Amino acid sequence: MPIDLHTHSIRSDGTQSPAEVMSSARSAGLDVVALTDHDTTAGWGEAADAAAEVGIGLVRGIEISCAHEGISIHLLGYLQDPANPALLAEIQQARDSRRSRARRMVEALAEDLSLTYEDVLATAAPEASIGRPHIADALVTKGVVASRDEAFATLLHPRGPYYVSHYAPPPESVLRLLTAAGGVVVMAHPFAHRRGRVVGDEVIEGLADAGLAGLEVWHRDHDAAAIARGDALAARLGLLATGSSDYHGAGKLNRLGENTTSPAVLAQIVERASGTPVLPA
Ligand code: AMP
Ligand code: FE
Ligand code: FE
Ligand code: ZN
């Protein structure tokens, strides 16, 4: 029973519609998939309809970008109430900040090459949660780079001259918001050090005390040492250990089902959630 609890659609930086993600997940042989777009739940409705149509289980989720002392942390929220006002306000602020940040990055890039904010918006669905992948896509369209990956390795790199950060709340406050909305929270790719600095075990210990439910242990960006560290930490802190693809359609190499979560762990997530049901209900 393959279960993949981390995917993205065009509502954020994936390249497929929520419905296409559901049918791709079915074709990949998954029984359950979670849609976890960055800082938005706008894809939930379309995903729910499509999941029912293709006959796949759906966990409706989100991935929220946080920061702890300047270190990026991504929290996956599962099965929270999408209408919770405090949560809605928080992710709206995040999406607004993502847009102004993209505008500022484009302004910086435009000093040295031909690129407009409109070029970036043209790569994204209306109302999408805008990220560097959209700027990358615009740079590919312009012929400046060959791929998203090349853009990230060069012009969009956090230590490069064009990088601007976006609003990222502390993980404790997002954990509180998601939990209050009946969600269950798993820390995404906690030790993906190629993406940037990662937090120490003591930070995760603090989040576990604050209600963190699990760690995404099996992920493409984790090497053997990261998996061993995640596994040991999850066992020590009594956290669930998940595995997922972090699928972005054609935007990344990650393939649906390349890492999976056990049915027992999914059952725990469903058991602890009270915001919205896993589908079919
Ligand atoms: P942002 O949140 O806008 O700073 O952009 C980070 C997003 O870019 C993450 O969600 C990743 O999925 C994506 N990303 C990071 N590195 C790469 C890469 N090398 N190729 C494609 N997408 C990437
Ligand atoms: Fe992404
Ligand atoms: Fe992430
Ligand atoms: Zn992700």
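1. Contact here means heavy atoms within 4.5 Å. On that basis, and leaving aside neighbours within four places in sequence, glutamine 80 is in contact with Thr41, Trp44, Arg60, Gly61, Ile62, Leu87, Leu178, Ala181, Gly182, Gly183, Gly275 and Thr276. Glutamine 80 itself sits in the loop between strand 4 (71–78) and helix 3. Its relative accessible area is 1%, and because buried means under 20%, glutamine 80 counts as buried. The model is a predicted one, and the points below should be read with that in mind.

2. Salt bridges. The whole structure contains 10 salt bridges by search.

3. Aspartate 39 and arginine 98 are joined by a salt bridge between their side chains, with an N to O distance of 2.8 Å. The two residues are 59 apart in the chain, and the pair links distant parts of it. Aspartate 39 belongs to the loop between strand 2 (32–35) and helix 2 (44–54), while arginine 98 belongs to helix 3 (residues 85–110).

4. Arginine 195 and aspartate 221 form a salt bridge in which the closest N and O atoms are 2.8 Å apart. Here the link runs between two loops: aspartate 221 is in the one between strand 6 (214–218) and helix 9 (224–237), and arginine 195 is in the one between strand 5 (184–187) and helix 8 (201–209). Aspartate 221 is buried, with a relative accessible area of 16%, whereas arginine 195 is partly exposed at 35%. Both residues also belong to a network of salt bridges that links Arg194, Arg195, Asp221 and Asp246.

5. Aspartate 201 and arginine 229 meet through their side chains in a salt bridge of 2.8 Å, N to O. Because aspartate 201 lies in helix 8 and arginine 229 in helix 9, the pair ties together parts that are 28 residues apart in sequence. Aspartate 201 is partly exposed, with 26% relative accessibility, and arginine 229 is partly exposed as well, with 28%.

6. Helix packing, helix 1 against helix 2. The axes of helix 1 (residues 18–27) and helix 2 come within 8 Å and cross at roughly 30°. Angles under 35 degrees count as roughly parallel, so helix 1 is roughly parallel to helix 2. The crossing of these helices is right-handed. Helix 1 contributes Pro18, Ala19, Met22, Ser23 and Arg26 to the contact, and helix 2 contributes Glu46, Ala47, Ala50, Ala51 and Val54. By class, the residues of this contact are seven nonpolar, one polar and two charged.

7. Helix packing, helix 3 against helix 7. For helix 3 and helix 7 (residues 171–180), the axes come within 9 Å and the crossing angle is roughly 140°. The two helices are therefore oblique to each other, and their crossing is left-handed. Ala86, Leu87 and Glu90 make the contact from helix 3, and Ser173, Val174, Leu177 and Leu178 make it from helix 7. This contact has five nonpolar residues, one polar and one charged. Leu87 and Leu178 are also among the residues in contact with glutamine 80.

How values were computed:
Residues numbered from 1 in each chain as written. Chains lettered and ligands numbered in written order. Predicted model: local features only at pLDDT ≥ 70, side-chain atom pairs only at ≥ 80, totals over all residues. Heavy atoms only, no water. Salt bridge = Lys/Arg side-chain N within 4 Å of Asp/Glu carboxyl O. Helix = DSSP H or I, 4+ residues; strand = E, 2+ residues; numbered from the N terminus. Buried < 20%, exposed > 50% of the residue type's maximum accessible area, 1.4 Å probe, protein only. Axes fitted to C-alpha atoms, helices over the stretch in contact; angles between N-to-C directions. Parallel < 35°, antiparallel > 145°, perpendicular 65-115°, else oblique. Left-handed = near helix turned anticlockwise from the far one by under 90°. Nonpolar A, V, L, I, M, F, W, Y, C, P; charged D, E, K, R; others polar.
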